[in-house]
Structure formats: structure tokens, C-alpha cells
Amino acid sequence: MKISAADPEAYFASLPKDRREALLEIRNVIRTAWPKVTEDLSFGMPTYHLDGNAFCAVASQKNFMALYVMHHDLLNAFHNDLKAYDHGRSCIRFRRLEPPTVELFDRIVKYTGSR
């Protein structure tokens, strides 16, 4: 699902309500964990940077939403937790954002941002 947007705000505004709410919740998790995070639109999706380095991103794809971890090897620390999720080498895919997923994303964001 290619979204033409000039900035993250336009990206989120272009999403259907359910997806917008889910991705904004993840955005809030990221901003709460890392108050000094900067956000831009890189790789066609809202991307979050610490000290100038991208460490995660969120996206709405055709059949799912995803949290991307830029340094994919950091997801290895969550190998057991991710068994219950559809995931790839650098992303965790989901269709609905539920409390256990939010809690896992919070731990992942805090861990990957600290590396």
C-alpha cells in the first residue's frame, strides 16, 4: 500500500481510522519511551531517529500494519516472544493492535533504542 505523503502527519491522516489509531498508538509508545526522538518520512513510512540514527519505523501495508526495527539483529533478543507473531527479519506484522502487542512493542522500542 503505497502512500504519497509529504510528512508523517499527512501519512497518518491518509489512513483509514482503525489503522490510523493503531499506528498512532505505536507512535505514542515510541515517543513516550524516547522523548527526544525525531520523526520524519523515510523509506515511505514514518521513521524514528535517536541521535540522528533511524532505529524503528511504522507502516500500513496492503494486508497488515508493521513495526520495523532498523537493526534487525536486535529482534533476536525477542525470539521467544515473537513466536506468536507474524514477523520477518526486521518487522513484526499485525492486523489489529491488542494490549499484549502494545506491551511487546514497548519492550522492543525501549531495547532497540538503547542499543
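Residues are numbered from 1 along each chain as its sequence is written, and side-chain values use heavy atoms, with hydrogens and water left out. Because the model is predicted, local features need pLDDT of at least 70 and side-chain atom pairs count only at pLDDT 80 or more, while totals for chains, interfaces and linings use all residues.

**Stop 1: R27 and E39**

Select R27 and E39. Their side chains form a salt bridge, with 2.7 Å from N to O. The term means a side-chain nitrogen of Lys or Arg within 4 Å of a carboxyl oxygen of Asp or Glu. R27 belongs to helix 2 (residues 17–33) and E39 to strand 1 (residues 38–42), so this pair ties together parts that are 12 residues apart in sequence. Helices (H or I, at least four residues) and strands (E, at least two) are DSSP runs, numbered from the N terminus.

Colour the pair by accessibility. R27 is buried at 7% relative accessibility, whereas E39, at 21%, is partly exposed. Buried means under 20% relative accessible area, exposed means over 50%, and partly exposed lies in between (1.4 Å probe, protein chains only).

**Stop 2**

R31 is partly exposed, with 40% relative accessibility.

**Stop 3: R107 and D81**

Move to R107 and D81, whose side chains form a salt bridge at 3.4 Å, N to O. R107 is in helix 3 (residues 99–113) and D81 is in the loop between strand 4 (65–69) and strand 5 (86–87), so parts 26 residues apart in sequence are tied together. R107 is partly exposed at 32% relative accessibility, and D81 is partly exposed with a relative accessible area of 32%. The count for the model comes to 9 salt bridges.

**Stop 4**

Select strand 3 (residues 53–60). Of its 8 residues, 7 are buried, so the strand is largely enclosed by the rest of the structure.

Show strand 2 (residues 45–50) beside it. The two run antiparallel and are joined by 4 bridges; strands pair if DSSP finds at least two bridges between them. L50 stands opposite N53. These strands form a hairpin with 2 residues between them, and D51 in the turn has a positive phi of about 50°.

Finish with strand 4. Strand 3 pairs with strand 4 in the antiparallel sense over 5 bridges, and a hairpin of 4 residues joins them.
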